[in-house]
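Biologist: Please take me through the terms that describe this model, and set each value against its definition.

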Amino acid sequence: MMDPKVMLVDDEELIRESVEMFFQSVEIGILTAASGEECLGHLKEGFRGIILMDVMMPDMNGWDTIRRIVENDLYDGNIIVMLTALDAPDNKMEGIQEYVTDYLTKPFDPDALMELLQYYSGLLNAIEADDGQ
Amino acid sequence: MNGSTEVIRTHVMKNVMKYMLASSFIAILSISAFALCALNQYHAHEVRDMHEKLEMCLKTFWQLLAHKGTDFRIVDGKLLAGNYPVNGNFELPDKVQEIFGGVATIFMGDERVSTNVLNAEGKRAVGTRLVGPAYDAVFREGKPYRGEAAILGVPYLTAYDPIRDGRGKIIGVLFVGVKMSDSLAPLYLLKMQLTLTLFCMVTVFSAVIVLLGRAMKRAEDANENQFRFQETLLNTIPSPIFFKDAGCRYLGCNKAFEAYVGISREELIGKTPHELWQKELADRYRQQDLSLLENPGLQVYESSVRYADDTLRDVIFNKATFSNSDGSTEGLVGVIIDITERKRAEETTKNAYQQLFDIVEFLPDATFVVDKDKRVIAWNRAIEQMTGIEKRDIVGKGDYAYAIPFYGEHRPLLIDLLDQEEERLRRNYKDIRQEGHTLFAEVFVSTFHNGESRCFWATATPLFDQEGNPAGGIESIRDITSYKQAEERRTLLESQLHHARMMETLMIRLGHDLRTPLTPLFALFPLIRERIADPELRRMVDICCKSAASVKKLVDRAQMLVRLSATIRTEELMCIPLVSAVERALADSSDSMAQNHVACRNEVAPSIVVRAVPDQLKELFANLISNAVRFSPKNGVIRITAEQLEETVTVAVHDDGIGLDPDHLESIFDEFFKADESRHDLDAPGLGLSICKRIVLNHNGRIWAESPGIGQGTTIKFTINEKGADRRYDM
């Protein structure tokens, strides 16, 4: 199995830390970002992989961050999964649904998360393999 | 027509007066002339007699003198007759006086020498001289003189004869005088008086005639003017006017009547109705005329007549008799008033009112109409129903009778305040509005039907006739008591809704806030558990895991409930085969069914298709199955059936589990209801059936529970619309 490259964007430190600890336990590398700005920074530094994006964040929320990613041509090579505490999509995502591949409702079951990561990581590898040809 | 009669009368009067005046004048003149004549004759006779007497007297005087001598001469200044000296000798004059009365004198020349005429001192007036016409006649013309003369202021009839001498020379005068006052004086006086009277009379009469003539001329002119004025007046009156004599013959008419009959006045005069109209009509006119003439006074009746232009008109005949000065009826005057237009207007008004009443009758609001005297003229069905008072009991009544059903007393309603100022109205009504002439008011009445409290909304507006004069008013009354109550309920519901929205927001917020701290728990508990070898500690962590999962479930359910409270939009509804929906739900629940050793039979007919929101239908079945599984005994069997009844499908989920207390049949659908209060089953948050109820209600269905009793199983049933059902969801 390919080592999935994952970035968690969440303003909640306890969540970042606990998810990081979980990923360490399964020996998967994970990058965390406390805000949209940090997320953009990682992308500019060359991160490509699965982005777990919290919707509700102060200053720049998840939707705004996605808009900025698209505007900065940083989307390609990434899969975005929204982490939401609200169980219904809201109207702030108007116009950017196509950039959101999946939703994960908080609190998420670690096994379900792993299953999801492995699925999208395989997908990403397949796309990369296609692009590489 | 009195004027015309007057004119005729004055004409006659004038002529009579002229005649009378002339006659009396002639009579008086004749009488006076005759009297004067007679008097003159008598006077002449008397004068002749006197003259005869005078002549006789003179003759006698001559004879007496002749006896003394016939040779007259003057010798020595003395007159001698023969030898008889005359001067101072009074024998002869006295003799004459003795025989005839009167006076006698002998003049020598023009000097009285023998006389019985006495002077002022009572002495014989000897020595005085003859003067005047007698002197002239005798001495100048040599003629005898006869005439009247005043002697010493007394009128005398006198006779003077000249005395001539032998040569014919006038040497004296023989005179006799008869005193007129004796016999002729009264006659003379009478004649004088008569003449004077006659003169005066003639003068006065002439003056009177002149004045009268003038006055009559003036009167005649005035009459003429009045006559012309009256004729013009008559002709100006557009209504036909006629006058007839006592024999029903036309005496005259005005121009309008000429137009009505179609013949000129000249042709009309003297004709009878029978010469103008057909017998039947003429008979009727004659009948009416005669009845009026028999009972003089005024006669008014309506009729319809055909004008000369062949139009048929509705008219009123106004007829009255007129009489002459002695009071006897001379004829009649008639005016024909054309009331066709008025009748038409009346008819129009009547129709308009009828139309108004017809409209009012069927107005949904309680409505009544009053005339200008505030008497009820219309009382519609709605107000009959509202007040229980029927039309026949109130129409025609005034004195605020219409207020009784509302206030139990005679008092003004809104309709009686139409002419009040707005400020005054505000004092009487808390909520009143005026728009143009119309009043709107909301009234709370606690005396309706003797003590009921009602809230009315009333509107009143005045009615006007075509000329814009007030003609009454109309008032509509609407019972808004239930509307008011509904409004109060609505206000309450609105505040409840507001509260519910607030709660919803709070729930969403709470859900979100709970999910975030749960996330680390979910991430970390499995890691902790793996690192613990001690089974007791592991068990503790397991409990923590279960609790966290329970909290998550609660949050899920609560948020689900909030989401379900939103109204379904039509486009969310889809046609779903019921059997496959059940199948999917069973598949999702297969794990828990297996764990609990419960079997489920899907007995739904494949043909049934329902209209539902897919997610909600899935949630509904998931909850019902999970609920049934939980209360089923080991090896229990759950049966799901469906029955289609026209547009609705009744679905039943039956278990053979613990059953329900009849008291709980309803309350199991309440949020957080648990049959056993003390039991806090962490797996069953108690929201499952309330979610079911919410979903069913969202689909306009009904959900209920049936159970024969504790230990005898439970059946939850709900209805849902069949695919063809045409029910709106987004109202």
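This is a predicted model: local features need pLDDT of at least 70, side-chain atom pairs count only at pLDDT 80 or more; totals for chains, interfaces and linings use all residues.

Biologist: Why is H16(B) called oblique to H18(B)?

Modeller: Helix H16 (residues 578–588) and helix H18 (residues 614–631) of chain B pack at an angle of about 55 degrees, with their axes 9 Å apart. Angles under 35 degrees count as roughly parallel, over 145 as roughly antiparallel, 65 to 115 as roughly perpendicular and the rest as oblique, so that H16(B) is oblique to H18(B). Their crossing is right-handed, which is to say that the near helix is turned clockwise from the far one by less than a right angle.

Biologist: What makes Tyr402(B) buried?

Modeller: Tyr402(B) has 25 other C-beta atoms within 10 Å, and a residue is buried if that count is 20 or more, exposed if it is 12 or fewer, and partly exposed in between, so Tyr402(B) is buried. This residue lies in the loop between helix H11 (391–394) and helix H12 (404–407) of chain B. Leaving aside neighbours within four places in sequence, Tyr402(B) is in contact with Phe368(B), Val376(B), Ile394(B) and Leu413(B).

Biologist: Which strands are the edge strands of the open sheet in chain B?

Modeller: The sheet has 5 strands in the order E10-E9-E13-E12-E11, with antiparallel pairing, and two strands pair if DSSP finds at least two bridges between them. Strand E10 (250–253) and strand E11 (298–306) of chain B are the edges, because each pairs on one side only. The twist averages 25 degrees from one strand to the next. Strand E9 (residues 241–245) of chain B is joined to E10(B) by 3 bridges, and Lys244(B) stands opposite Tyr250(B) there.

Biologist: How do you know that E24(B) pairs with E26(B), and in which sense?

Modeller: E24(B) and strand E26 (residues 714–721) of chain B share 8 bridges in the antiparallel sense, and Val649(B) has Ile720(B) as its bridge partner in E26(B). Strand E23 (residues 637–645) of chain B is likewise antiparallel to E24(B), joined to it by 7 bridges, with Ala642(B) opposite Val651(B). The hairpin of E23(B) and E24(B) has 2 residues between the strands, and Glu646(B) takes a positive phi near 50 degrees in that hairpin.

Biologist: How many residues does each chain bring to the contact of chain A with chain B?

Modeller: The contact takes 17 residues from chain A and 17 residues from chain B. On the side of chain A that touches chain B, the largest share, 7 residues, comes from helix H1 (residues 13–25) of chain A. That side divides into 11 nonpolar, 2 polar and 4 charged residues.

Note on methods: Residues are numbered from 1 along each chain as its sequence is written. Chains are lettered from A and ligands numbered from 1 in the order in which they are written. Helices (H or I, at least four residues) and strands (E, at least two) are DSSP runs, numbered from the N terminus. Two residues are in contact if their C-beta atoms, placed from the backbone, lie within 7 Å. Axes are lines fitted to C-alpha atoms, for helices over the stretch in contact, and angles run from 0 to 180 degrees between N-to-C directions. Ala, Val, Leu, Ile, Met, Phe, Trp, Tyr, Cys and Pro count as nonpolar, Asp, Glu, Lys and Arg as charged, and the others, Gly among them, as polar.
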